[in-house]
Amino acid sequence: MISEDGLALNLPSEIQDITGKFSSKRPLFIKRDDQIHPWISGNKWRKLQGHLEHALNQDYDVWISFGGAYSNHLVATACTCHHLKIPFVAVIRGEENSNPTLRLLKEFGATLFFVDRSSYRLKENGAEILKLLSNYKNPFIIPEGGNSSFAETGLKNLATELCSHLFPTQQKYLCVALGTGATATYLAKHLGSDWHIRIYPVLKGLNLDFEKRANISINKDAHLGGYARWDENLLQSMRAFTGATQIKLDPIYTGKLWHGIEKDLANDFFSEESSIVLYHSGGLQGLAGFADRTGLEVYPTSVGVSKIRPERSC
């Protein structure tokens, strides 16, 4: 465990061999970035790290960032700011409402600022948000999802952790859920030629040029029809994975990632003499949001796993 300016973070995160849990012909591993912190986990922390290192050397009087009503990024940022006693404003896309994620943001002391979708698209160039910014002397603006050049710092560290692990094969596949693309972009930059990045988009119709790169491929069907779309097969896949490993997934990102990997395994996509590494990007607070939206729990008591929400530690 290391301390990043007072944050208790489990780094480097563990890489677990889960080959024996499944009938895989190839070595199968999982990078447990979900274990970094109950709320500041996965690529959310990796993208925040560089922002934090920059901000602590400046004279910002508030942090401001953007996201939807169920944003993992906003939760991670709010918890970071709460722990370090930094004022934080979360700009929320859509009408004011209440859900588990928004209540959690309030528990972490965030100020919630709701804007309509047209104003949200303009971000800090829109009249509403410009008015918000005028209330502060020197705000630190973090883009939606933490996607800026500062994100490279933590993702480079993630690549270093992956490269330092001794896998049983020279060739490795890193399997990553894709939202905005920042995680895959920076990992592709810093991983060596013995790594191939297999991308599983959670959104439909992303206009990305990843396919032009030799070390990247895309499972174009992983999104199941669009962002936050799901079906019973996805939930069954997640429950089976968790029953075998006792590792929980979320239905927005890592659930779709594993569901896509299963199909790739069945179709013999991965080359022989290669190891497969599933990147667990955290975001498990999204399980409560899924239950709020659908009335369904991914992991009912009968599945035999622990409760959805981790203990508070911010």
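Pro-12 is found in the loop between strand E2 (7-9) and strand E3, where strands (E, at least two residues) and helices (H or I, at least four residues) are DSSP runs numbered from the N terminus. The peptide bond that joins Leu-11 to Pro-12 is cis, with an omega of about -5°. The model described here is predicted, so local features need a pLDDT of at least 70 and side-chain atom pairs count only at pLDDT 80 or more, while totals for chains, interfaces and linings use all residues. Residues are numbered from 1 along each chain as its sequence is written, and side-chain values use heavy atoms, with hydrogens and water left out.

The phi of Leu-224 is near 60°, a positive value in a residue other than glycine. Most residues other than glycine have a negative phi, and most peptide bonds are trans.

## The six-stranded sheet

Six strands form an open sheet with mixed pairing, in the order E3-E4-E12-E9-E10-E11 (two strands pair if DSSP finds at least two bridges between them). Because E3 and E11 stand at the edges and each has a single partner strand, one side of each is left without a neighbour in the sheet. From one strand to the next, the twist averages 25°; axes are lines fitted to C-alpha atoms, for helices over the stretch in contact, and angles run from 0 to 180 degrees between N-to-C directions. Strand E10 (residues 195-201) and E11 run parallel and are joined by three bridges, and the bridge partner of Ile-197 in E11 is Ile-216.

Helix H6 (residues 152-164) lies across E3, E4, E9, E10 and strand E12 (274-280), and runs at about 145° to E4. Helix H9 lies across E4, E9, E10 and E12, and runs at about 160° to E12.

## The four-stranded sheet

Another open sheet has four strands in the order E7-E6-E5-E8, and its pairing is parallel. Its edge strands are E7 (111-115) and E8 (139-142), each of which pairs on one side only. The twist averages 25° from one strand to the next.

Strand E6 (residues 88-93) runs parallel to E7 and is joined to E7 by five bridges, with Ile-92 standing opposite Phe-114 in E7. Helix H3 (residues 100-107) packs on the sheet, touching E6 and E7, and its direction makes about 140° with that of E7.

## Aromatic pairs

The structure holds 15 aromatic pairs, counted where ring centres of Phe, Tyr and Trp (its six-membered ring) lie within 6.5 Å, with planes under 30 degrees apart called stacked, over 60 edge-to-face and the rest tilted. Among them is the tilted pair of Phe-22 and Trp-258, at 4.9 Å centre to centre and 45° between the planes. This pair links distant parts of the chain, 236 residues apart, since Phe-22 is in the loop between strand E3 (15-17) and strand E4 (28-32) and Trp-258 is in helix H9 (residues 254-266).

## The largest pocket

On a 1 Å grid over the protein atoms alone, a pocket is an open set of points where a 1.4 Å probe fits, with protein on both sides within 12 Å along at least five of seven lines, and lining residues have an atom within 4 Å of a point. The largest pocket is lined by 34 residues, of which Gly-68, Ser-71, Glu-144, Tyr-227 and Tyr-253 lie nearest its centre. Among the elements that each supply at least two residues of this lining are helix H1 (42-55), strand E5 (62-67) and helix H2 (72-84).

How values were computed: Contact means heavy atoms within 4.5 Å.
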